[in-house]
Amino acid sequence: MIAPHSRKRAVPYTVMGRLRNDKRGSTLAMLAIALVPLSLMVGSGIDTARLYVVKARLQQACDAGVLAGRKAMVSSTSTTLDSAAATQATTFFSNNFKSGWMSTNTVSFTPAKTTDQQVSGTASATVPMTITGFFASPVALTVTCEARYDVADTDIMFVLDTTGSMACTTADDPCGAAAVSYTKPDGTTAYHATEESGSKISGLRSAVLNFYDTIAANVDPSTHVRYGFVTYTSTVNAGYALPQSAIVDNWNYESRSIVGDANNGSSSASTPSLTQTQCAAANNVRTPASGFNTDGTATFVTTNWSSSKCNMTTQPIKPTWRYQQVTYDTSQYKTGATVDDPSKITNATSKWQGCVEERDTTATSTFDVNNLPPDLDPDLSATSDSTKWRPMWPDVMYYRGNNTSVDYSGNISLSSTPPSPYAFGDYAYTGTSALQTYTSMSYSATLKSGYVSCGKPVQRLAVLSRSDVSNYVNASDFVPQGGTYHDTGMIWGTRMIAPNGIFASDTAAWPGRNTPNRYIIFMTDGDMAPNYNIYGMYGLEYYDKRVTGSSGLGNDEDYHNARFLAECAAAKARNIKVFVIGFGQTLTSQLTACASPGKAYYASDNTSLNTAFQDIAKQVALLRISQ
């Protein structure tokens, strides 16, 4: 017997047996076997990426095709797409997706007309596999697309400079158009600069109407577009667009009031046939007892009894006016009723034209867009006198020179027909020049020179027909007048389109619709040009100093520019896109800064103004992919 530890393993006696027990080269065999699933994994990743790229490009080409087709489509009652639109769509698709790209084949694109007059499309392509081609069949990709060539619900607020220089052409520098009177639709008299042939304001009228036509051509039945207008000078005619509760019932005006009598020429002596009792009763008698006669005069009689007769002295008198700030009741004036002019004696009435003085502000040149004063806050409600507006009242406003308060009896010489708008007895300066001390701001010379202006009433946001827009820009009161205050226009333009302000209901989303896109189109033909002798939206700055404060009169342009930029920032902070057009003037840094990025335009003449308006209209009416 052989011991166990001495036994030997049997030697394989077949070739396969020897191979089975031979471990040399086994790693290489295992790697060869692993290459098959590894190749499938890598190839699958590469081919999946190719499918993603092809599908994305196919979608882009489909979108391009339907966009081109919708732009070329002729609207009709036909349920099929017209051949020109179909050809244009197919061409754009083919230009954007070439058959054979990424080895694609069986590429097709079919455009069609939808029931709501738009263009849809279906595109497909077959993509063969590359690395996984031995294991997988080619993949058929299909995408759909639809284009709408229309305008999303949109609100457009035109803020238009209608100052005196708009009466001239862009070639005129300076503009010397003469002022003429005209009767406003409300029956009041005003003045405007005489328009020249080819005037800038005539070009503006055409550009606005062409803008409307461009938008209208791209609106489908489901689209809502609202328009509003603000014409501005040194103020804005917005008063009648406000609820009366948002306007004060009393306000302080730089005016005058009667504080006594003054002699009106020499006295005269007489000895009437009166008894001693009658003579005593006639002493110290004023006629009329209070006020003045219809010619603005009165008399004061003194008597004494001497030598059995009545010695009488009659002294003609006239009023002594105190020129200073006076508080007046505006509760009836703000309604548009004809009221007595409290700053004159007789035969004088007033009717509000609708222009407003602003609510409270802060006299500074630095503003925080998140903490604006009442006048610059487009969302602030009118709940107190400090947040309410004040009716402009030029009839009761008077210059008084450098005086805070001064008494003046005036010039006795007055013609039988006093110069309009003076009434008999209003003995103030009656020359022909503006800015004369003791003259009313409503004096014709002051109005002609543009120191007071009240333009066309604003148009609140509304759906307007072309006829409505034409009637607005061609109205008798859409005329050039006054001076350039960009801040007044921007303040009211923003206020009237702001989504949360006093006019929020005008710009609210339509039922069941998304929030409308909001645009301000601000057009001006001049630089900011404030003048502290102008009576405008902040009163008479020389006396009121609401904008500049006690020491800033010499820097009033900087203060107004600061307000302008603060309000531009407030508009953009409310997602309102601002377009700015400088008409016939180089764009200032302020105008460029006011505009949304890339939205500032320069127009050298009427033709380029129309081009600018057209370009803006096309941006508002962009083609868009709806799905």
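Mentor: A disulfide is a pair of cysteine sulfur atoms within 2.5 Å. A search of the whole structure with that cut-off finds five disulfides. This is a predicted model, in which local features need pLDDT of at least 70, side-chain atom pairs count only at pLDDT 80 or more, and totals for chains, interfaces and linings use all residues. Residues are numbered from 1 along each chain as its sequence is written, and side-chain values use heavy atoms, with hydrogens and water left out.

Begin with the pairing pattern. Number the bonded cysteines of the chain in sequence order, and the pairing reads 1-2, 3-4, 5-6, 7-8, 9-10.

Two terms come next. Helices (H or I, at least four residues) and strands (E, at least two) are DSSP runs, numbered from the N terminus. Buried means under 20% relative accessible area, exposed means over 50%, and partly exposed lies in between (1.4 Å probe, protein chains only).

Now take Cys62 and Cys145. A disulfide joins them, with an S to S distance of 1.9 Å. The angle about the S-S bond is -70 degrees, and the link of Cys62 and Cys145 is left-handed. Cys62 lies in helix 2 (residues 26–72) and Cys145 in strand 3 (residues 139–148), so this pair ties together parts that are 83 residues apart in sequence. Cys62 and Cys145 are both buried.

Move on to Cys279 and Cys310. Their sulfur atoms are 2.1 Å apart, and the two residues form a disulfide. Here the link is right-handed, with 75 degrees about the S-S bond. Cys279 belongs to helix 5 (residues 276–281) and Cys310 to strand 12 (residues 309–329). The pair links distant parts of the chain, 31 residues apart. Cys279 has a relative accessible area of 2%, so it counts as buried. Cys310 is buried too, at 0%.

Last, look at Cys568 and Cys594. A disulfide joins this pair, S to S 2.1 Å. The torsion about its S-S bond is about -85 degrees, so the disulfide is left-handed. Both ends sit in helices: Cys568 in helix 10 (residues 556–573), Cys594 in helix 11 (residues 589–594). They are 26 residues apart, and the pair links distant parts of the chain. Cys568 counts as buried because its relative accessibility is 1%. Cys594 is buried as well, with a relative accessible area of 0%.
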